[in-house]
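Dear colleague,

I am handing over the structure below, and after it I set out what was found in it.

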Amino acid sequence: MDQKKVAFVTGGSRGIGAAIVRRLAKDGFHVVAVARSADKLSEVCAQVKDAGGSAEALACDIADSQALAGAIEKIAEAHGRLDVLVNNAGITRDGLILRMEDEDFDQVINTNLKSAFVAIRTAARPMMRTKGGRIINISSVAGVAGNAGQANYAASKAGLIGLSKSVAKELAGKNITCNCVAPGFITTDMTDVLNDQIKDTVKGHIPMKRFGVPDEIAAAVSFLAGADSSYVTGQVICVDGGMVM
Ligand code: NAP
């Protein structure tokens, strides 16, 4: 059996997920980084190894429930444990409600919310076997406060909060915690698509007057994955420069 605790991080190839992979590896976990693009995952894992950490890449489309469940089972079996699950991978398909297609709604819900349900259901068994675990779901301020043009995305992120609070109640007695981190606007590929005018307008609504960086989200995940958060469950930690108070 592995000595290192094992963390499974979806969306680990770039942005917030890559920062989480690097941070948890620095914290001493063996990190399994998951995304569709194997090349980018390998780059992140190579960076981790260069820095003295331990990580492996696993290419998987998390919108494929069978593939995702199979990947988690395989990792738990290979390492004899699964200690931390971070449901981070997410997509946007923005549009105003009157023009939003069913497909845009379904894709976002499947990738952002249903995958987390499938991953939690699968990961809970190995966590119960080792008598503990940490589940961390990356929600969004859009899930807490809503956002025009993002009905699908906000619904998926609010859904993650309800899912997390329910799972927290179900699994608390098994020493498994389940919490959300709700980022505000963070500089990644996801927000790079916004034009400068929108970015400036958004910054005007952020009390700290700047976007966050991925490492600031990874720091909150590190707390929730580590020993210091042993009595914290069912919570939403907003890391958003003060947007939601
Ligand atoms: P990003 O830069 O777009 O990265 C998304 C990650 O998810 C990539 O690693 C991507 O890899 C992976 N991914 C997407 N669809 C996938 C699928 N079907 N199967 C497996 N992996 C998939 O996004 P980010 O900005 O880092 O955001 C990370 C999380 O934080 C998301 O859940 C997002 O909603 C949330 N968030 C972000 C912000 C922000 O301002 N950036 C704010 C609030 C919340 P592949 O494309 O290779 O699969």
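Which residue lies over the face of Phe 211? That residue is Lys 203, at 5.5 Å from the ring centre, where a charge sits over a ring if NZ of Lys or CZ of Arg is within 6 Å of the ring centre and within 35 degrees of the ring normal.

Please keep in mind that this is a predicted model, in which local features need pLDDT of at least 70 and side-chain atom pairs count only at pLDDT 80 or more, while totals for chains, interfaces and linings use all residues. Residues are numbered from 1 along each chain as its sequence is written, and side-chain values use heavy atoms, with hydrogens and water left out.

The rings of Phe 185 and Phe 211 have centres 5.6 Å apart and planes at 35°, so the pair is tilted, a term for planes that are neither stacked (under 30 degrees apart) nor edge-to-face (over 60). Phe 211 counts as buried at 9% relative accessibility, whereas Phe 185 is partly exposed at 22%; buried means under 20% relative accessible area, exposed over 50%, and partly exposed in between, with a 1.4 Å probe and protein chains only.

A polar side-chain atom of Ser 37 lies 2.5 Å from an oxygen atom of the ligand, and a backbone N or O atom of Ile 62 lies 2.9 Å from a nitrogen atom of the ligand.

Conventions. Rings of Phe, Tyr and Trp (its six-membered ring) pair if their centres lie within 6.5 Å; planes under 30 degrees apart count as stacked, over 60 as edge-to-face and the rest as tilted. A polar contact is a pair of N or O atoms within 3.5 Å; within protein, one must be able to donate a hydrogen and the other to accept it, and residues adjacent in sequence count only if both atoms are side-chain atoms.
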